[in-house]
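Take a first look at the chain below.

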Amino acid sequence: MLLLNRQDIEQCVELPRLVRVLEDAHRNFISSPPVVPDRLMITHQRENAFSLFMPALLPEQSTLGIKVSSFHAGNGVRGLPAVNGAVLLIEPETGRLLAMLDSAVLTAIRTSAMSALATNKLCPLRRLNLAVIGAGVQAAAHVRAMAAVRELGRVRIYSRRAEQSAALAERLSIELCLPIHAVDSLHLALADADIVCTTTSHASPTPLITSDMLKPLAHINAVGGSTPAACEIDPWLLAEAQVHVDHLDSARHESSVWPRGWLAGGSKEHQGCSNPTSSRSA
């Protein structure tokens, strides 16, 4: 059995190539759609946490797998990552376990690569300003991913944890040789942003981002807010947006945000390009 930990995966993944592979995969899904049952969620009320179980089958490639991912918001005080888990690959013919991979790093890389694919397809080929909301693993991965597909102008990071935002901005500025700044307000982060990446653990039904905060034609990669009650993006904003998701049935059945957007005004929905994203005009 193949075992791949965080370091193994980081060393063997090259982001631009991964974006191309994901584009090819989603194009092939048109003729050979994947089997993606609704994910199962188990909540851990005492720990204020939850675990997700997400199986999938690619019939054409004879590939079967399941991702188990747990989110514990309180892990930060323990010095542990908030998201932990594993991806298991199984041989469909025999049921034999073929591989086990660290799902935390795999999720960060794959999610940000899907956002990069959406950005590459939907955003103009020019220098763009970026706002990243959140300062965790997904935030870092999204700054790297956006820098891989677009020339970036101003890059602003905002989260409720100011020290974490500042540390991330400093680290990525050195790593990417870009002027990246932590800011102390959401409105300041979003001002003049062409690309917005929401990577938060926002769990409230009260929207985090509303239409009046954004410039016309802003592009949003919305990847946080994974609980049933979470609402990163105002449904009324989605109602006036063009929305792209990587799997339409999953978005309809498992997301609290997109159905509200459709009910609010019937946003235009498309499958196969991205994580939930929106390119919208005021």
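Accessible areas here come from the Shrake-Rupley method with a 1.4 Å probe. By that method, the protein chain exposes about 14,100 Å². Carbon and sulfur atoms supply 57% of this area. Keep in mind that the model is a predicted one.

Now turn to the inside. The protein chain has 282 residues, and buried residues make up 44% of them. Buried means under 20% relative accessible area. Take the contacts in the protein chain with a separation of 6 or more: residues 24 or more positions apart account for 68% of them.

What is the chain built from? It has 9 helices and 14 strands.

Start with the open sheet. It is formed by 6 strands, and their order is β1-β6-β5-β4-β3-β2. The pairing in this sheet is mixed. Which strands stand at the edges? They are β1 (2–4) and β2 (40–44). Each has a single partner strand, so one side of each is left without a neighbour in the sheet. On average, neighbouring strands of this sheet are turned by 15° against each other, direction ignored.

Strand β3 covers residues 49–58, and strand β4 covers residues 63–72. The two run antiparallel and are joined by 10 bridges. Ala-49 stands opposite His-72 in β4.

A helix lies across part of this sheet. Helix α3, residues 103–122, lies across β4, β5 (83–90) and β6 (97–102). Its direction is about 90° to β5.

Now move on to strand β7, residues 128–133. Is this strand mostly covered or mostly open? It is mostly covered: 6 of its 6 residues are buried. The cover is on both faces. On one side, Leu-128, Leu-130 and Val-132 are buried.

Which strands pair with β7? One of them is β8, residues 152–158, which runs parallel to β7 and is joined to it by 5 bridges. To get from β7 to β8, the chain passes through helix α4, residues 137–149. This β-α-β crossover is right-handed. Strand β10, residues 195–198, also pairs with β7 in the parallel sense, over 4 bridges.

Val-132 stands opposite Ile-157 in β8. In β10, the bridge partner of Val-132 is Cys-197.

Technical notes
Residues are numbered from 1 along each chain as its sequence is written. This is a predicted model: local features need pLDDT of at least 70, side-chain atom pairs count only at pLDDT 80 or more; totals for chains, interfaces and linings use all residues. Side-chain values use heavy atoms; hydrogens and water are left out. Buried means under 20% relative accessible area, exposed over 50%, partly exposed in between (1.4 Å probe, protein chains only). Two strands pair if DSSP finds at least two bridges between them. A crossover is right-handed if, with the strands pointing away from the viewer, the path from the first strand over the helix to the second runs clockwise. Axes are lines fitted to C-alpha atoms, for helices over the stretch in contact, and angles run from 0 to 180 degrees between N-to-C directions. Contact means heavy atoms within 4.5 Å.
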